[in-house]
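Reader: I am new to reading structures. Could you walk me through one, feature by feature?

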Amino acid sequence: RSYNLALVTLPEDEEYRSMGIQGLKEDLLDQTLNMNVEYRIGTEAYVTLITPDKKMDIGKGLVEDGLLMIDRKGGRKLASLQKEYVEAMEKAKKAHLNIWRYGDITADDAKEFGFGK
C-alpha cells in the first residue's frame with residue numbers, strides 16, 4: 001500500500017523536485033515514525049509522519065526547510081495543521097531557503113510575468 005504526505009507537494013521544477021525527494025529520503029532513512037491518516041481522496045490516503053517523541057512532523061519540516069510546497073487540501077478539519085504548514089512555508093520564503101532562494105516560485109506570481117498561460 002502506498003501513502004502520500006498530507007498538505008505538501010513537490011515543486012514543478014525538476015531540480016527543485018529532486019531536492020525535495022532527496023530531503024524526504026534523508027528524513028525517512030533509518031527512522032521509526034508514527035503515521036496518521038489525515039484525509040483520503042478517493043482511494044488515496046494522505047498522512048502525516050511524526051517522530052515518536054512528537055517533536056518533528058516530517059512534511060512540515062521539509063516545508064520549513066524550503067524543500068516542499070504546501071498543498072491546500074484537507075478542508076476545515078485540518079485548518080490548524082494547514083496554518084502551521086503555511087507559517088512554515090512563509091518562514092522558508094523569508095529566509096530564501098532552497099526552492100525559495102530566488103523568491104516566490106508559485107504559479108500565481110509567474111502569471112504576472114507572462115508565464116503559466
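Author: Start with Glu 87, which is partly exposed at a relative accessible area of 44%. Buried means under 20% relative accessible area, exposed means over 50%, and partly exposed lies in between (1.4 Å probe, protein chains only). This is a predicted model, where local features need pLDDT of at least 70, side-chain atom pairs count only at pLDDT 80 or more, and totals for chains, interfaces and linings use all residues. Residues are numbered from 1 along each chain as its sequence is written, and side-chain values use heavy atoms, with hydrogens and water left out.

Reader: Which side chain does Glu 87 meet in a salt bridge?

Author: A salt bridge is a side-chain nitrogen of Lys or Arg within 4 Å of a carboxyl oxygen of Asp or Glu. Here the partner of Glu 87 is Lys 83, at 3.7 Å from N to O. Lys 83 counts as exposed, at 54% relative accessibility.

Reader: In which helix do Glu 87 and Lys 83 lie?

Author: Helices (H or I, at least four residues) and strands (E, at least two) are DSSP runs, numbered from the N terminus. Glu 87 and Lys 83 both sit in helix α3. They are four residues apart, about one turn of the helix.

Reader: How many salt bridges are there in the whole structure?

Author: The search finds six. One of them joins the side chains of Lys 91 and Glu 64, at 3.0 Å from N to O. Lys 91 is in helix α3 (residues 79-94) and Glu 64 is in helix α2 (residues 58-64), so this pair ties together parts 27 residues apart in sequence. Lys 91 is exposed, at 54% relative accessibility. Glu 64 is partly exposed, at 28% relative accessible area. Another bridge links Lys 73 with Asp 71, at 3.4 Å from N to O. Lys 73 counts as partly exposed, at 33%.

Reader: What is the overall pattern along the chain?

Author: Read along the sequence, it runs β-β-α-β-β-α-β-α-α. That comes to four helices and five strands. The chain has 117 residues, and 35% of them are buried.

Reader: Now the rings. How many aromatic pairs does the structure hold?

Author: Rings of Phe, Tyr and Trp (its six-membered ring) pair if their centres lie within 6.5 Å; planes under 30 degrees apart are stacked, over 60 edge-to-face, and the rest tilted. This structure holds one such pair. The ring centres of Tyr 39 and Tyr 46 are 4.8 Å apart and their planes meet at 10°, so the pair is stacked.

Reader: Are Tyr 39 and Tyr 46 buried or exposed?

Author: Both are buried.

Reader: Which residue lies over the face of Trp 100?

Author: A charge sits over a ring if NZ of Lys or CZ of Arg is within 6 Å of the ring centre and within 35 degrees of the ring normal. For Trp 100, that residue is Lys 93, at 5.0 Å from the ring centre.

Reader: Last topic: backbone angles. What phi does Leu 7 have?

Author: Leu 7 has a positive phi of about 65°, although it is not a glycine. Leu 7 lies in the loop between β1 and β2. Leu 7 is also buried, with a relative accessible area of 1%.

Reader: And where is His 96 found?

Author: His 96 is in the loop between α3 and α4 (107-112). His 96 has a positive phi too, about 55°, and is not a glycine. His 96 is partly exposed, at 44% relative accessible area.
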